[in-house]
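This report walks through a few parts of the structure shown below, one chain at a time. Please keep the sequence at hand while reading.

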Amino acid sequence: MRRRLQPVILGLTGVLGFFGLWQLAPTVGLVNAQYVPPASDVLVALVSLTGDLHYWRTIGNTLLTWGIGLGIAGVLALVLGTVVGLVPWLRRSTRSTVEFLRPIPSVAIIPLAILLFGLDRDASLVIVVFATFWQIFIQVLYGVADVDPVARDTQRSFGLPASSRFVHLVLPTALPYIMTGIRLGATVALILTVTGELIIGAEGIGRLLTQRQTAGDYAEVYALVVTAGLLALIINLIVRAVERRVLAWHESVRAEVVL
Amino acid sequence: MSAPAVTRRLLPASATRRLPRWLDGLLEAVGLPLALLGLWALSALLSPNRYFPAPWRIAEAFVATWVGDSFFVDVLPSLGRLAIGLALAIVLGVALGVLVGSVRWLRQLVEPVFEFFRAVPPPMLVPILALMLGIGDTSKIVLIVAGTVWPILLNTVEGVRALDGVQRETATSYQLTTLQRVRFITLPSAAPQIMAGIRQSLSIGLILMVISEMTNSSSGLGYRITFFQQNFQIPEMWSGIILLGFIGIALAVLFQIAERFVLGWYRGLKETERA
């Protein structure tokens, strides 16, 4: 029991200690209290924000862009990744193009997105989809190609039709990769959603942050940064929970349970 | 259906290939890019589009824009900030990671706080850093460090944690000093994880480099492509996007070389295990 509790207690102490430092540093004058408000001020700002409908609508806007972007990128990556991954000549002939396009930092196409779609959510979505697509696509590509050779030969000599080959062989092999891709993609999508709000000015917490900063309300600026962090943590927790459920049969997850 | 496959396997590979192997590989590598470029050129000729200028106009703009002064004024300082930021993040991340990873109570104490810091989308820090540090080089470099240090740090912690028990006991019975232990046991065995963290950080760092220059800035790559877009200098804007693409590829290649250098022994080990 003590062993189980120890990390929790220490972790809580760490969080409290961090808040204590954050409270103390501006109060003592270690940092400028105007630009780094003490933790208590930020907490008050956060609580008063949660009573504001506009705050929740802003979060909703961010989540909407994030969800649409992740959805489009996910479907595109699954379809294209499966097709390209399963057809060897396609795989070979697209490799150089993929390796060229993938490292292009998505923020580089922000100007192009603004020209094509204006200062709007659509422009934001372009960079979200571009960045997220590669994360998932690469995983799908590796996943569908990772089929165990013995299992593939067995399926061939049993003469199973293509459809059952896909359901019983390719899909179970690729699923752990796909889930990893979605987990990475979910984080990247949020980063670029916020970037779009900060730079392009699409509705959402990033834009609200710039507005509060211009207004000089620094406690709220920090409260919004905390909000974004919590949002990312919650998204990560949900994706991990889904991953564990979907892959409950898979050894990488089963091994965790045994330990 | 399987008959042709069998006969093909019985023949030597060269007999069934119409093209020599190297030509085949070359075609596969350049075929699609050339086809796409051709399509782009064709569509630019048939229906000129303001926002998608012809490839040769972008090539012209590329040379005119980036070859010369601009390379030293905009490109080099950007890359310099990225390099300094990443180097600081690697040193900080690995040093702190080794410390936190080897001391159990310390890890349990700081891990939740660190996980939160990693979760904060780094672009959100741009306004805050501008407040605290102004809009000079310092705040741009600190932004890159603040965004890239967490994947390296947390990956190092994971790598150090997974240290083999026998190795640790061996180190104890050989009475290795702390420094020797870190140098010869901890760092090599955590290296694969550390490199995985650095790879994540590279792409984040590049994104942050561009973002830091898109706001509150009057030089740098990010500033230049935004400037071109606002002034409707479309081919110049495209040339900037393509330059950033090249930088991304160069970083990826450099990382691969570094990884082969650092993890050569590890790949060798994996292959022996498999064989």
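In chain B, helix H11 (residues 221-230) is mostly covered, with 8 of its 10 residues buried, where buried means that 20 or more other C-beta atoms, placed from the backbone, lie within 10 Å of a residue's own, exposed means 12 or fewer, and partly exposed lies in between. Among the buried residues of H11(B) are B:Leu221, B:Tyr223 and B:Phe228, and the helix is followed by B:Phe232, whose phi is positive, near 55 degrees. Helices are DSSP runs of H or I with at least four residues, numbered from the N terminus.

This is a predicted model, in which local features need pLDDT of at least 70 and side-chain atom pairs count only at pLDDT 80 or more, while totals for chains, interfaces and linings use all residues. Residues are numbered from 1 along each chain as its sequence is written, and chains are lettered from A and ligands numbered from 1 in the order in which they are written.

B:Arg199 lies in helix H10 (residues 178-214) of chain B, and it counts as partly exposed because it has 18 C-beta neighbours inside 10 Å. Between B:Arg199 and B:Ile152 there are 8.7 Å from C-alpha to C-alpha, although they are 47 residues apart in sequence.

| Domain | Residues |
|---|---|
| domain 1 of chain B | 17-48 |
| domain 2 of chain B | 55-274 |

Taken over C-alpha atoms, the centres of domain 1 and domain 2 of chain B are separated by 34 Å.

Conventions: Helices (H or I, at least four residues) and strands (E, at least two) are DSSP runs, numbered from the N terminus. Domain bounds come from an automatic or database domain assignment.
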